[in-house]
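Thank you all for making time this morning. I would like to talk about charged side chains and how they pair up, and I will go through the examples slowly.

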Amino acid sequence: MKPTVLVTGASRGIGLATARLFAANGHPTVLNYNCSREPAFQAASEINASGGMAIAVKADVSEPEEVAAMFEAANEQFGGVDILVNNAAIARQSLFTDVDYDEWRRTFSVNVDGMFLCCKAALPYMLRGHRGNIINISSMWGQVGASCEVLYSATKAAVIGLTKALAQEVGPSGIRVNCVAPGVIDTEMNSHLSPDDLRALADNTPLMRLGTPEEVAGAIYFLASDNASFITGQVICPNGGYIT
């Protein structure tokens with residue numbers, strides 16, 4: 001059986017495309033969701049109906065007990081998690097002066113604390129087996145920052161720092177940790193942008209278009225594969241050339 005993958009935030013967008021890609025290639029797949037139960041269960045059902053193996057598991061990744069229960073469900077169903085894709089995140093575009101402390105803490109609790117909790121839950125199994133892959137999803141705004149996205153940019157910069165440091169720490173144990181920092185992707189997270197804003201972002205991208213969730217999923221899948229066996233601590237940037 002191929003390595004088991006757990007994808008957080010897998011009910012839509014990049015997470016859903018990633019879960020479908022791994023499942024289509026024979027990986028037992030755990031689709032995590034928090035609020036969007038129906039699309040997560042529908043995706044798992046479709047994977048199973050097509051001959052794959054998948055379960056959908058609810059967990060707020062910012063809650064330690066829920067993360068622990070999610071990994072226990074993965075262990076009971078598939079015997080552990082070999083590949084962890086930390087994708088779950090929240091965002092809101094606003095002026096920094098309009099961000100209150102509760103919003104600051106909530107965004108960090110999902111985007112950064114959730115990644116911490118999932119890595120902590122996955123690593124004991126990976127360390128015992130002396131193998132494993134962790135792919136953390138950041139953003140190009142975590143690399144360069146964005147106006148009216150200070151909070152989101154700060155969390156995604158933290159993701160890059162976590163990735164690079166953890167890769168150094170667990171590399172001797174045969175575990176690889178990498179990061180994917182997408183550019184502007186055509187997902188629900190960007191649905192608040194107007195058509196004019198989306199066109200402007202596409203025009204500022206050398207490839208003259210937005211990316212797709214499937215293109216980001218392809219980068220994630222590559223990093224988890226044996227083709228990337230000598231890659232760790234790196235940030236892969238499917239951003240159409242928006243930043244270099």
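**Salt bridges in this predicted model**

Let me begin with D60, which has a relative accessibility of 12% and therefore counts as buried, since buried means under 20%. Please keep in mind that what we are looking at is a predicted model.

Which residue does D60 meet in a salt bridge? The partner is R106, and the side chains come to 3.4 Å, taken from N to O. R106 lies in helix 4, residues 101-129, whereas D60 sits in the loop between strand 3 (54-58) and helix 3 (64-78), so this pair ties together parts that are 46 residues apart in sequence. R106, for its part, is partly exposed, with a relative accessible area of 35%.

The next pair is R92 with E103, where the closest N and O atoms are 2.7 Å apart. E103 is buried at a relative accessible area of 17%, and R92 counts as partly exposed at 46%.

Finally, the side chains of R105 and D113 also meet in a salt bridge, at 3.4 Å from N to O. R105 is partly exposed, with a relative accessible area of 32%, and D113 is partly exposed too, with 28%.

How many salt bridges are there by this rule? The count comes to five, and the pairs I have described are among them.

Key
Residues numbered from 1 in each chain as written. Predicted model: local features only at pLDDT ≥ 70, side-chain atom pairs only at ≥ 80, totals over all residues. Heavy atoms only, no water. Salt bridge = Lys/Arg side-chain N within 4 Å of Asp/Glu carboxyl O. Helix = DSSP H or I, 4+ residues; strand = E, 2+ residues; numbered from the N terminus. Buried < 20%, exposed > 50% of the residue type's maximum accessible area, 1.4 Å probe, protein only.
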